[in-house]
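Let's take a friendly tour of a protein chain. Have the sequence and the 3D view ready before you read on.

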Amino acid sequence: MPGTLRVVVDRSRCTGIGICESVQPLRYEVGDDGTLAVLDDVVPEEDRATAEEAIFGCPASALSLIREGD
């Protein structure tokens, strides 16, 4: 499948609750100030299901998955 899957954060929506971090701690980190850091925005196809779990679990709907390069 062509293109690269990437996680995108809508910073205006993110509330820093940290559900994404609890699902994928190697991808997300919420700082003490509630700011979300995406440690790795590239999602290998084999990690897509877990990435989608974190995205759909976000109560603020601040995360999305896009495919670049189609």
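Here is a short briefing on the chain, grouped by topic. The model is predicted, so to speak of local features a pLDDT of at least 70 is needed, side-chain atom pairs count only at pLDDT 80 or more, and totals for chains, interfaces and linings use all residues. Residues are numbered from 1 along each chain as its sequence is written, and side-chain values use heavy atoms, leaving out hydrogens and water.

**Overall build**

- The chain has two helices and four strands; both kinds of element are DSSP runs numbered from the N terminus, with H or I over at least four residues for helices and E over at least two for strands.
- Starting at the N terminus, the order of elements is β-α-β-β-α-β.
- A compact globule of 70 residues would have a radius of gyration near 11 Å, and the 12 Å of this chain agrees with that; the radius is taken over C-alpha atoms, and the globule rule is 2.2 Å times the number of residues to the power 0.38.
- The C-alpha trace spans about 35 × 20 × 20 Å along its principal axes.

**Inside and contacts**

- Of the 70 residues, 27% count as buried; buried means under 20% relative accessible area, exposed means over 50%, and partly exposed lies in between, using a 1.4 Å probe and protein chains only.
- Among contacts with a separation of 6 or more, 59% join residues 24 or more positions apart; a contact means heavy atoms within 4.5 Å.

- Helix H2 covers residues 48–56, and Ala51, Ala54 and Ile55 are buried in it.
- These three lie on the same side of H2 because they cover an arc of only 100° around the axis, where the arc is that of the directions from the helix axis to the C-beta atoms.
- As background, an α-helix has 3.6 residues a turn, so residues three or four places apart point the same way.
- What do the buried residues of H2 pack against? Their partners are helix H1 (19–23), strand S2 (28–30) and strand S4 (63–68).
- On the face turned away from the buried side, H2 carries the exposed residues Ala49 and Phe56.

**Two buried loop residues**

- Gln24 sits in the loop between H1 and S2 and counts as buried at 8% relative accessibility.
- Leaving aside residues up to four places away in sequence, Gln24 touches Asp47, Thr50, Ala51 and Ala54.
- Cys58 is in the loop between H2 and S4 and is buried, with a relative accessible area of 16%.
- Cys58 and Cys20 are 38 residues apart in sequence, yet 6.5 Å apart in space from C-alpha to C-alpha.
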